[in-house]
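Visitor: I am new to this structure. Please show it to me, and then I will ask about the terms.

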Amino acid sequence: MKEKNNVYYTSEKTSEALKLEEADAQSFELITGNNGIYAKDENHVYSKFDSDKLYIVDSLDSGTIKFVQLNGFAYLKDKNAVYYFLNSKLTLLKEADSSTFQVKLKEGAFDSYYLYDKNYVWKKNDKSGKFQK
């Protein structure tokens, strides 16, 4: 919930409205994504993924953050890097070029996909959940 000068979010445990002290109400907006709740303002990116608290994600640039989604699979990218979710944690996709990063379905598949950029193609390791080139 956004007021003129303040931003509030609801605690799932207590259902009370909690003020997000660091937020800039004028530039605050939700970022859609199904791997958690994300928001941004001119200074920060916020996450409520697997938590009752909305917290700042320092590694993401609020000016360039984007969700890349395909059939329920979501990735975050900004001008510097690409991230995916592993064991409820935001994980860096090493050596990914965020400006050319894409997610594509394998032909004829609904839930089988691959990640690629101008340099690499990544495949998910079924045992670890990590992506490998």
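Guide: About 8400 Å² of the protein chain is accessible surface, and 45% of this belongs to carbon and sulfur atoms. Accessible areas come from the Shrake-Rupley method with a 1.4 Å probe, and for residues only the protein chains shown count as cover. This is a predicted model, where local features need pLDDT of at least 70 and side-chain atom pairs pLDDT 80 or more, while totals for chains, interfaces and linings use all residues. Residues are numbered from 1 along each chain as its sequence is written, and side-chain values use heavy atoms, without hydrogens and water.

Visitor: How many helices and strands are there in the protein chain?

Guide: There are zero helices and 14 strands. Both are DSSP runs, numbered from the N terminus: helices are H or I with at least four residues, strands E with at least two.

Visitor: Why is strand β9 called largely enclosed?

Guide: Buried means under 20% relative accessible area (exposed is over 50%, partly exposed in between; 1.4 Å probe, protein chains only). Five of the five residues of β9, residues 82–86, are buried, so the rest of the structure largely encloses this strand. V82, Y84 and L86 point one way from β9, and Y83 and F85 the other way. In a regular strand the side chains alternate between the two faces of the sheet. Of the 133 residues of the protein chain, 38% count as buried.

Visitor: What makes β8 and β9 a pair?

Guide: Pairing requires that DSSP finds at least two bridges between two strands. Two bridges join β8 (residues 73–77) to β9, so the pair meets that definition, and the strands run antiparallel. L76 has Y83 in β9 as its bridge partner.
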